[in-house]
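Welcome! Please take a moment to look at the sequence and the 3D structure, and then let us walk through them together.

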Amino acid sequence: MAMRMKDSGIEWIGEIPADWELEKMKYHMRINPVVSNDANAIDDDAEVSFVPMENLHNGFHEVSTMPYSKMKTGYTEFREGDILIAKVTPCFENGNIAEAKNLLSGRGFGSTEILVIRCPKKYARYRYNDIQNHTT
């Protein structure tokens, strides 16, 4: 049985399932979300995931580790499933965007040149694809 479709009213989107509604992305995500207070629970010597700007590539990232003592100030914190976007030209123009994955304890740190977008897990994959398709 085929799903009922309707015109989205947006040329580049085309048809969408009839029971879907179009909404602005800003209603389903947070940009650079506030860091949680549980950061104090991490031991300074503990290794944490670190994604330097040069390790953020189009569609993937390479994770290295650093002691938390070096990451706890001056770096951008993100969580597993967050969308990471290079916000510095030309990296942004090259579409350097990735979904944060394989982070120690589900959290990571990166340079302040990384924009973090957090959305509910059920939307994360769709938001990542939508953002990636519009930055490349």
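## The overall plan

Along the sequence, the pattern reads β-β-β-β-β-β-β-α-β-β-β-β-β-α. That gives the protein 2 helices and 12 strands; both kinds of element are DSSP runs numbered from the N terminus, with helices (H or I) needing at least four residues and strands (E) at least two. This is a predicted model, in which local features need pLDDT of at least 70 and side-chain atom pairs count only at pLDDT 80 or more, while totals for chains, interfaces and linings use all residues. Residues are numbered from 1 along each chain as its sequence is written, and side-chain values use heavy atoms, with hydrogens and water left out.

Of the 136 residues, 38% count as buried. Here, buried means under 20% relative accessible area, exposed means over 50%, and partly exposed is in between (1.4 Å probe, protein chains only). The protein exposes about 8600 Å², and carbon and sulfur atoms supply 51% of that area; the areas come from the Shrake-Rupley method with a 1.4 Å probe, and for residues only the protein chains shown count as cover. Among contacts (heavy atoms within 4.5 Å) between residues at least 6 apart in sequence, 68% join residues at least 24 apart.

Which strands make up the open sheet of 4 strands? Their order is β3-β12-β9-β10, with antiparallel pairing. Two strands pair if DSSP finds at least two bridges between them. The edge strands, β3 (30–31) and β10 (97–99), each pair on one side only. Strand β9 (residues 83–86) is joined to β10 by 3 bridges, and Leu84 has Ala98 in β10 as its bridge partner.

Now find Leu56, which sits in strand β5 (residues 56–57). Is Leu56 buried or exposed? Leu56 counts as buried because its relative accessibility is 1%. Its contacts beyond four places in sequence include Leu84, Ala98 and Ile114. Leu56 and Ala98 are 42 residues apart along the chain, and their C-alpha atoms are separated by 6.9 Å.

## Strand β11 and its partners

Strands β4 and β11 run parallel and are joined by 3 bridges, with Phe50 standing opposite Phe109. Strands β8 and β11 run antiparallel and are joined by 4 bridges; here the bridge partner of Glu77 is Phe109.

## Aromatic pairs

How many aromatic pairs are there? The count comes to 2, where rings of Phe, Tyr and Trp (its six-membered ring) pair if their centres lie within 6.5 Å, and planes under 30 degrees apart count as stacked, over 60 as edge-to-face and the rest as tilted. Phe50 and Tyr75 form an edge-to-face pair, 5.6 Å centre to centre with 85 degrees between the planes. Phe50 lies in strand β4 (residues 47–51) and Tyr75 in the loop between α1 (68–71) and β8 (76–79), so this pair ties together parts that are 25 residues apart in sequence. Phe50 is buried at 11% relative accessibility, whereas Tyr75 is partly exposed at 34%.

The rings of Tyr68 and Phe109 have centres 5.8 Å apart and planes at 55 degrees, so that pair is tilted. Because Tyr68 lies in helix α1 and Phe109 in strand β11 (residues 107–110), the pair ties together parts that are 41 residues apart in sequence. Both Tyr68 and Phe109 are buried.

## Salt bridges

A search of the whole structure finds 5 salt bridges, each being a side-chain nitrogen of Lys or Arg within 4 Å of a carboxyl oxygen of Asp or Glu. Glu77 forms one with Arg79, with the closest N and O atoms 3.1 Å apart. Glu77 also meets Arg107 in a salt bridge (2.7 Å, N to O). Since Glu77 lies in strand β8 and Arg107 in strand β11, that pair ties together parts that are 30 residues apart in sequence.

Another salt bridge joins Asp82 and Arg118, with 2.8 Å between the closest N and O atoms. Asp82 lies in the loop between β8 and β9 and Arg118 in strand β12 (residues 114–118), so the pair ties together parts that are 36 residues apart in sequence. Through shared partners, salt bridges join Glu77, Arg79 and Arg107 into one network.
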